[in-house]
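Welcome! Open your viewer, colour by chain, and let us walk through this model one selection at a time.

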Amino acid sequence: MSGILGINLQLLPQVIEVGLSLGAAYGLVAVGFGLVFRATGLVNVLAGEFLVLGALTTAVASEKMPLIPAAIVGVLATVLIAEVAYDGVIRPVLRRSASPAVGFIVQIAVLLALVGIEQKTFGTDPRALAPFSGRTAFHVFGAAVPPQALWVLGMLVVQLVAVQLILHRSWPGRAMRAAASNSVAAQMVGIKPRSVTRSVFMLAAAIAALAGVVLTPISAVSYDDGLTYTIAGFVAAVLGGLGNISGGVIGGFIVGEITAFASASSIAGYTEAIVYGLLLLVVILRPGGIIKFDRVKTA
Amino acid sequence: MINAAFLRRQSWRGALVALMVLSPVIFNVLGQSVYLNNIRLVAVYGIIGLAQTLVLGISGRVHFGIVAFGVVGAYAYAYSGSHWGWNPFLCAVFAIVLSAVASAAVSIPLLRLAGFYLGLATLGLWFVAQNVAGNVSITGGRNGTSALTLISAGIDETMLYMAIFGVVLLIADTVVRSRRGRELFAMNDDSEAVSGFGLSTTKYTFALFVAAGAMGGLSGALLASDVQYISPDSFGLDLLVLILAVSVIGGAQSVWGALAGAIIIGILQQFSSSYQNTSAMIYGLGFLVIILLLPSGVAGFLASAAKQTGRLLRSRRSDAPLGSSVDAVSEVHVLSGSLPE
């Protein structure tokens, strides 16, 4: 059985399953992206980093306590670090100049410092949590599905719904969107764009940390994985259209499936080139994303 | 235009470049020739960092793809030397030309983009270049390939590197301070006003991207010649962050920022390599501190400090009221592209 491009057709269901789990992970990062971009107009370079921080702190805490308190400790620690990074560095720098270049660079500086601190604190070995509901895989259409993959998918659905509800149905969410679309008008009705940006940033850190907690049992996380997740989430978010949160999730699955199929094929070495070549094409040809629904309207 | 006053104004630049070229001799006399290696790296990082500085400081765009042209230049240099038996200097010229052509080709679609979209697309460019270099057979794949050296290693080589960096700096400085250069800078402040004067911002940005690609290629060729070996790992995330750090730490407002940035990064690297486990932390925190405290980089800080001292001295001499020093401070803020709060 050779199949297309050397993909064994009998393994097809398994390849699709791998793509779905990868896609769910990228989709989780893309939700954080979409949230921050939609509510503040900033590109969240730290999305993957907060995922890694949440995973690492939870893994360390779980050596001393059961999973749920450990996850709470991990998420709170990540949010605290995000708050310090925002008020200590990002906000002062953005107040001087709010150009996208500056926004990128200051976040990369924070990323470098955090990676350095993680290397010193957690060491270079990857860390993982035990799967939440055992390791016995069950079979769907001939593909072995680890139970943890369902946890990741479930977390994705919960976060997607929660973020959409917060943004569209709650007063703080409306304030966030208002501040992003017209900062002056928002200030006139009593919204403080600065504190809105801070809360969005911390909310994004919290959901990224939770994503990290459910992801570690599937793939161990090491201190320098942050940017890799960020970039994968970036690609997903761009495919779906920046600021379009549900589009970003679909983009995540597209990237996940492409990665899984390319890795299983005879051109596995070019997986990254294919994914980022696709990113290049989409950015140049359809900067609004390839999915045209739920178009971003001004609030 | 070349008269005594012009030469006097230019003299510090010439002196600085002469000092750069002579620095290997000075280190040698002081018995510190172990650092020659670091000086060559300062030149390599400085040239590619200068490319980033020009793009970031002039057009205000974030372009991560300069590293991709470093990849093109390094492999063009290595391949033409080992497969076609060319003279290493010819190989270096070939590397510059090929990366400039590559940059011109990809810049045409990229010119439509700005802001994060350009940042993202160029990030993709770097990934693709690195990934393809790691898989194609002519590059030697993951294992990399060997490269010729420009001239035999040692003090001559280091002086050559510094001389090349010095020449590139002088050319960039001349262009930036010419009429064209002022138009380029105006583009960053207000591109609509520049278009209103009948100047094509697209044409200028294109020229800037091509020049940045050529400089990236030169830097890649010099890196290949220095270590006589090249692999995709030489162009990883470390290099991407490093050149961003060179231009931000040094200051993207002036071409001399790239020199200051490359020297500081060289020192930081040398310093942090003796603390294995904490090196990344020192590096990252150092980067943060400089971004927070010196928004226009080290070169911008030095320039505004010099200007401010000059103002203060002059106002003291003419017994001007104290208010004029306040003007000096606000002018410094305007110069560094930021507003007093």
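A word on labels before we start: helices here are DSSP runs of at least four residues, numbered from the N terminus. Keep in mind also that this is a predicted model.

Go to the second largest pocket, which holds about 1,300 Å³ of space. To find its centre, select B:Gly236, B:Leu237, B:Asp238, B:Leu239 and B:Val241, the closest to that point among the 43 residues of the lining.

Now show the helices around the pocket. From chain A, H4 (100–122) and H9 (226–240) each give two or more residues to the lining, as do H5 (115–133), H10 (237–250), H11 (256–272) and H12 (279–293) of chain B. Which helix gives the most? Highlight H10(B), with seven residues.

**Second stop: where the chains meet**

Together the two chains bury about 3,800 Å², with 78% of it on carbon and sulfur atoms. On the chain A side, pick out A:Arg96, A:Ile105 and A:Ile284, which lose the most area to chain B and together make up 17% of what that side buries.

How many salt bridges run between chain A and chain B? The count is zero, while one residue pair is in polar contact between the chains.

Methods. Residues are numbered from 1 along each chain as its sequence is written. Chains are lettered from A and ligands numbered from 1 in the order in which they are written. This is a predicted model: local features need pLDDT of at least 70, side-chain atom pairs count only at pLDDT 80 or more; totals for chains, interfaces and linings use all residues. Side-chain values use heavy atoms; hydrogens and water are left out. On a 1 Å grid over the protein atoms alone, a cavity is a set of points where a 1.4 Å probe fits but cannot get out, and a pocket is an open set with protein on both sides within 12 Å along at least five of seven lines; lining residues have an atom within 4 Å of a point. Grid points are joined across faces, edges and corners, and a volume is the space filled by probe spheres set on the points. Buried area is the accessible area (1.4 Å probe) that two parts lose on being put together, summed over both. A salt bridge is a side-chain nitrogen of Lys or Arg within 4 Å of a carboxyl oxygen of Asp or Glu. A polar contact is a pair of N or O atoms within 3.5 Å; within protein, one must be able to donate a hydrogen and the other to accept it, and residues adjacent in sequence count only if both atoms are side-chain atoms.
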